[in-house]
Amino acid sequence: MLPLAAIIKLAWRNLWRNYRRTLIMLSAIVVGVWAMIFMNAVMRGMVDDMIRSAIRVLPGHAQIHHPLYRDDPSIVNSMTGLSPELENALAQPGIVGWSARLRVPAVIASERESRGLVLLGIDPATEAALGFVPGPIVEGRSLEGVDDRGLVLGAKLVERLETGLGKRVVVMSQDPQNNVVERGFRVVGIFEAELQAQEEQSAYVGRATLQSMLGVGQSLSELAVLGTDYRDLSPWFAGLQAAVGSDVELLSWTELDPYMASMLRVQDGMILIFVGVIFAVLSFGLVNTIAMAVFERMREFGLMQALGMRPITILYQVLMESFLLLALGLVIGNLLAVLTIRPLESGIDLSGVADGLEMFGMGTTLYPSLRIVDMVATSALVIVLGLLASLLPAWRASRFDPIEALGKT
Amino acid sequence: MSSIKCRNLCKTFHQGQETITGLDQVSLEIASGEFVCLSGPSGSGKTTLLNAMGGLDTPDSGEILLGEERIDLLAKGALADLRLHRIGFVFQAYNLIPVLTARENIEFVMQIQGLHAAERHQRARAILEEVGLEGIEDRRPAQLSGGQQQRVAVARAIVSQPSLVLADEPTANLDSHAATHLMQLFLDLNLQHGVTFVIATHDEGVMAYARRLIRMRDGCIVSDESRQAGSAAS
């Protein structure tokens, strides 16, 4: 058997015998790899943005609430405070933050207009840790505590209600006995959100203030939990599941928002299809290049066999040529991807197509997300599939009859 | 050193519907250290016989023994090992690996054999000197003349110290001066190292070096004569 170093040397030199052909194929691999990684980063950025937006508006990474709350999100189906076991479980590593909310349907009325909305009683301190913020406050202030008596509204809703900062509005909802309760609030802050729906359909108030208005004591509608990675809840989910009692349910964000979960799967599938299409195009070129190189050197392969080289070594040699070409293409392609994606990670402004993006629950800035794991996975896929594609010409090179091959000119 | 024995070798080739006889009941025995020329017109079967003796081709019937080993029964891999360790080939068209230098071409077979770099370099240096290629060992085949390339091919064939060297029309692409130089080299190697040479040729000048001349026609041996040692060399 020819030593590995000799196989590499021979393969490397053979690669550059027809340097034009090698450079063309190398360029195709570089562009293909770059396109795979770039597309992956952009799609991951898009979906990350959609999911983060959705998580910001909705549930965190998981949510605990009354088992019937999802079917009927009224005040009747609320939880009665937190047990000590649950509080301990919420302190486990992997959980970045959590926050308890009271969420009820309500009607808000100004002196001119009234509208339906979702009224959220929050604890601003824990929500900040969770990243659950309505959006930048453009006028006034944000809520300052669970006892804050002010109301924070979205700019769009303020416009619809024809009200403004400092004005009083009346909020009506139902208590657990189905009695209408109402209370006057002063608008203390106006926020803007990336999603217009959030601006129009939600209002924020201190949690204790809302509990007091509805007369529900320490009752809660939901407890939102945030982990480190929305894709992987496994480090803490099971521990939390064990701590919640039978009278409440714990659901991951994929269960709470199956549409978003399916978007994530669609993204993975789309990336796979995209990578597959690019690789199919690449593999035609690669197989053609290797096959040409093999048939041009039939005589040489015959000679090597005549000199005593085993067919398997010839197979290794051809595969090594393919491997070196792929590896070189991957190094340059990955480098190019890093150089082009890193500067874009601070955000690509897509405000020109903001309306379309909002339909998908996306903001107006796209943040491509370049991950080492994606680069490694793409590289591994290209190497493995590339070598598989090269197997046929390599095998044929190893099967040449030496006499027939030596007779070729 | 091994002798080579062929018994009743038959080989036919098919070209379309035509059947061509390559070897027809060929039997011969070559003792170790002999310097043999196979001569005959094109299509007489000398290359076919050479390929069969070198394990590059298998006969349809008959036996080939290298020493005591039946090589016509060996599998592909075993034949590759046999060629690697016991047989050296010199081809008409030099057949060097173009991406390797002269020295690397010579070391190539030793690399496959798994010899250490130091021993490879030492042997390559010695053989380069012996075939008169010192100073041009780092040139690639394209930078060498035909005669120099053939000397590299000879050096490659003998550097691994095979017991048998098979040469197929080794002087066909050389001018008369280079051909004389090459044959003298063969003869020296045969005399000094006892390497068995079997040379297929239809060049009368090459035949003059033979100590045994086997003439073939239509796949059969028509004459087998022993001659004065190296008559052309003297």
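Chain A contains 15 helices and 14 strands, where helices (H or I, at least four residues) and strands (E, at least two) are DSSP runs numbered from the N terminus. With a radius of gyration of 31 Å against the 22 Å that the globule rule gives for 409 residues, chain A is more spread out than a compact globule; the radius is taken over C-alpha atoms, and the rule is 2.2 Å times the number of residues to the power 0.38.

This is a predicted model, in which local features need pLDDT of at least 70 and side-chain atom pairs count only at pLDDT 80 or more, while totals for chains, interfaces and linings use all residues. Residues are numbered from 1 along each chain as its sequence is written, and chains are lettered from A and ligands numbered from 1 in the order in which they are written.

| Property of chain A | Value |
|---|---|
| Box filled by C-alpha atoms, along the principal axes | roughly 100 × 45 × 30 Å |
| Buried residues (20 or more other C-beta atoms within 10 Å of the residue's own, C-beta atoms placed from the backbone) | 41% of 409 residues |
| Contacts joining residues at least 24 apart, among those at least 6 apart in sequence (contact: C-beta atoms, placed from the backbone, within 7 Å) | 82% |

In chain B, six strands form an open sheet with mixed pairing, in the order β6-β7-β8-β3-β9-β10; two strands pair if DSSP finds at least two bridges between them. Its edge strands, β6 (87-90) and β10 (220-226) of chain B, each pair on one side only. Strand β9 (residues 212-217) of chain B runs antiparallel to β10(B), joined by six bridges. Leu213(B) has Glu225(B) in β10(B) as its bridge partner.

Terms used:
A residue is buried if 20 or more other C-beta atoms lie within 10 Å of its own, exposed if 12 or fewer, and partly exposed in between; C-beta atoms are placed from the backbone. Two residues are in contact if their C-beta atoms, placed from the backbone, lie within 7 Å.
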